[in-house]
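Student: Please take me through one part of this model closely. I would like to look at where the two chains meet, and then at what lies around that place.

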Amino acid sequence: MADLPGFGSMDLDDRGGPHVFVYEDRRSVPATAGLTPSQTVGPFFAYGLTPGTYGYPHAEIHRSELAGGVQPDDPHAGGGYVPGAGTHLAVEGQVFDGADVPIHDALVEIIQADADGHHARARRNDGFTGYGRYGTGSEGPNGDTRFRFRTVKPGATGPGRAPSITFIITMRGLLNHCITRMYFPGDDHTADPVFNQVPPERRSTLVATEIGPGRVRFDIHMQGEKETVFFDL
Amino acid sequence: MGDIRNGRSWSDMPDTSFPDYRSTSLRAPTQAPVRLDGGWDDAVALTPLWPRLADTDADLTVNGRVNGDPIGERIVVEGHLRDEASRPVSGALIEIWQANASGRYIHREEIHPAPLDPNFLGAGRCLSNADGSYRFITIKPGSYPWGNHRNAWRPAHIHFSIFGAGLAQRLVTQMYFPGDPTLPYDPIFNSTPDAAVRNRLISRFSMEETVPEWAHCYKFDITLAGAYATPFEEGHDHG
């Protein structure tokens with residue numbers, strides 16, 4: 001794979017040290033401009049947004065490894081991150097359409113806290129960024145359609161909150177992106193403030209399945225009886 | 001920060017299920033998204049850590065060059081990223097991708113019989129500046145046919161992926177060009193019901209910013225949701 005000239009370096013921005021941000025309450029801020037509407041990501045985003053996972057010869061700025069711990073025999077190894085603290089975790093799954101056919105052109109993004117429940121706010125020595133991307137169908141038409149992330153199990157981000165990973169899904173045929181949240185089997189979700197707002201009969205769509213030591217599967221169903229819960233965020 | 005977010009502004013967004021755009025039929029969720037009364041965590045309003053980008057990442061006439069200049073009309077695409085309170089959104093990741101001048105993407109599943117340009121990749125990216133501004137140099141994309149319905153043509157467009165301060169400021173959209181005769185026939189453009197709202201997706205030709213002897217300029221200002229999420233460095237006056 002040739003590196004195209006000038007197309008990005010992988011240096012993480014050091015941001016010149018810690019910033020302290022203040023977030024304002026939306027209710028005190030009057031809206032003065034109309035929002036730009038969403039549009040579909042379309043079928044051809046791969047070479048721009050996930051060039052590495054689809055094998056396009058461009059420098060990739062997002063990876064599917066959020067922290068170290070990639071297994072030596074993992075064909076998707078090569079993230080280059082030093083191992084971070086925590087329990088190494090592989091998250092995989094597929095995105096299914098309304099005919100239960102796995103989707104080969106979905107953009108899957110995840111956001112999560114580190115093992116201690118902290119979101120990454122500045123560059124860290126362990127390389128943990130808390131953000132990852134994967135394009136399904138990255139192994140071509142003859143490959144499978146799984147997404148795969150290598151990360152650490154996140155910690156709870158606050159009292160009562162169950163550990164979770166946020167997923168943002170977009171694809172051809174979606175005019176608005178979808179946001180959901182993956183919870184872990186075996187954790188206590190009873191006090192989680194988001195889980196508790198989901199109708200009880202649909203909560204199971206948010207819980208991953210353990211498929212091996214340090215491996216969970218989280219399938220996303222766009223439609224049907226198992227339609228995944230998405231959130232209005 | 002508290003738990004503030006309480007849903008998207010759906011009146012500004014396309015219909016999720018839009019039969020005229022056929023691909024929605026098996027892919028658009030059938031159930032309304034669950035509206036939350038708070039409860040998420042800081043990820044709602046936290047800008048992910050983006051890598052440092054090269055300046056040439058934002059110049060699509062350079063970043064795919066192999067042995068010459070790409071073919072087509074060179075243009076400048078620039079604008080400001082703001083929140084709905086009209087405040088600049090800085091440090092947001094803006095990624096674009098597009099067809100080349102003849103309406104062909106390099107994507108390997110693209111089958112439209114139009115020529116590839118060996119010197120044009122069609123993808124670029126930048127971070128928005130402190131004042132929310134951004135600027136790309138590229139080639140004006142061509143229109144191309146697609147299989148949605150008989151004689152379906154996508155208007156010339158540039159795809160935008162924007163990630164600002166957290167989940168509330170995630171936006172994937174498309175920029176169109178003024179005066180494009182195919183816009184009234186495009187179901188994707190027309191998926192946003194209100195004409196005044198969807199017309200926000202049409203860039204504006206700017207003679208003021210057009211670079212003499214060099215390139216037309218199209219202005220595309222983008223307004224993201226989540227005014228509450230736009231971070232301000234402590235100590236700054238943000239009235």
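Tutor: At the meeting of the two chains, 92 residues of chain A are in contact with 104 residues of chain B. This is a predicted model. Chain A and chain B bury about 9200 Å² between them. Of that area, 56% is on carbon and sulfur atoms.

Charged pairs also cross the interface. Six salt bridges are found between chain A and chain B. One of them pairs Arg27(B) with Asp105(A). Their closest N and O atoms are 2.9 Å apart.

Over all chains, the search of the whole structure finds 21. Take Asp192(A) and Arg181(A) in chain A. Their closest N and O atoms are 3.9 Å apart. Asp192(A) sits in the loop between strand 8 (178–183) and strand 9 (209–212) of chain A. Arg181(A) is in strand 8 of chain A, and the two residues are 11 apart. Both Asp192(A) and Arg181(A) are buried.

Arg200(B) forms a salt bridge with Asp12(B), with 3.2 Å between the closest N and O atoms. This pair links distant parts of the chain, 188 residues apart. Arg200(B) lies in the loop between helix 2 (195–198) and strand 9 of chain B. Asp12(B) lies in the segment before helix 1 (24–27) of chain B. Arg200(B) has a relative accessible area of 29%, so it counts as partly exposed. Asp12(B) has 11% relative accessibility, so it counts as buried.

Next come Arg154(B) and Asp186(B). Their side chains meet in a salt bridge of 2.9 Å, N to O. Arg154(B) is in strand 6 (residues 152–154) of chain B, and Asp186(B) is in the loop between strand 8 and helix 2 of chain B, so the pair ties together parts 32 residues apart in sequence. Arg154(B) and Asp186(B) are both buried. Elsewhere, salt bridges that share partners form one network, which joins Glu109(A), Arg133(A), Glu95(B) and Arg170(B).

Turn to the empty space. A probe the size of a water molecule, rolled over the atoms, shows where such space is left. The second largest pocket holds about 600 Å³ of space. It is lined by 29 residues. Closest to its centre are Pro43(A), Phe44(A), Arg172(A), Trp146(B) and Gly147(B). Two elements give two or more residues to this lining: strand 5 (144–146) and strand 7 (157–163) of chain B. Strand 5 of chain B gives the largest share, three residues. By class, the lining of the second largest pocket divides into 12 nonpolar, 11 polar and six charged residues.

The largest cavity holds about 140 Å³. Its lining has 18 residues, and the closest to its centre are Arg8(B), Met13(B), Ala168(B), Arg170(B) and Ala225(B). Arg170(B) is also a member of the salt-bridge network. Strand 8 (170–176) and strand 11 (222–224) of chain B each supply at least two residues of the lining of the largest cavity. That lining has eight nonpolar, seven polar and three charged residues.

Ser86(B) is not a glycine, yet its phi is positive, near 65°. Ser86(B) lies in the loop between strand 1 (74–83) and strand 2 (93–98) of chain B. With a relative accessible area of 34%, Ser86(B) is partly exposed. Glu213(B) is another non-glycine residue with a positive phi, about 65°. Glu213(B) is in the loop between strand 9 (204–205) and strand 10 (216–219) of chain B. At 82% relative accessibility, Glu213(B) is exposed. Ser206(B) is also in the loop between strand 9 and strand 10. Ser206(B), however, is buried, at 1% relative accessibility. Leaving aside residues up to four places away in sequence, Ser206(B) touches Cys217(B) and Lys219(B).

Finish with chain A. Chain A has one helix and 11 strands. Of its 233 residues, 56% count as buried. Among contacts in chain A between residues at least 6 apart in sequence, 66% join residues at least 24 apart. Ala46(A) is in helix 1 (residues 46–49) of chain A. Ala46(A) is buried, with a relative accessible area of 1%.

How values were computed: Residues numbered from 1 in each chain as written. Chains lettered and ligands numbered in written order. Predicted model: local features only at pLDDT ≥ 70, side-chain atom pairs only at ≥ 80, totals over all residues. Heavy atoms only, no water. 1 Å grid on protein atoms, 1.4 Å probe; cavity = no way out; pocket = protein on both sides within 12 Å on 5 of 7 lines; lining within 4 Å. Points joined across faces, edges and corners; volume = space filled by probe spheres on them. Helix = DSSP H or I, 4+ residues; strand = E, 2+ residues; numbered from the N terminus. Nonpolar A, V, L, I, M, F, W, Y, C, P; charged D, E, K, R; others polar. Buried < 20%, exposed > 50% of the residue type's maximum accessible area, 1.4 Å probe, protein only. Contact = heavy atoms within 4.5 Å. Buried area = accessible area lost by both parts, 1.4 Å probe. Salt bridge = Lys/Arg side-chain N within 4 Å of Asp/Glu carboxyl O.
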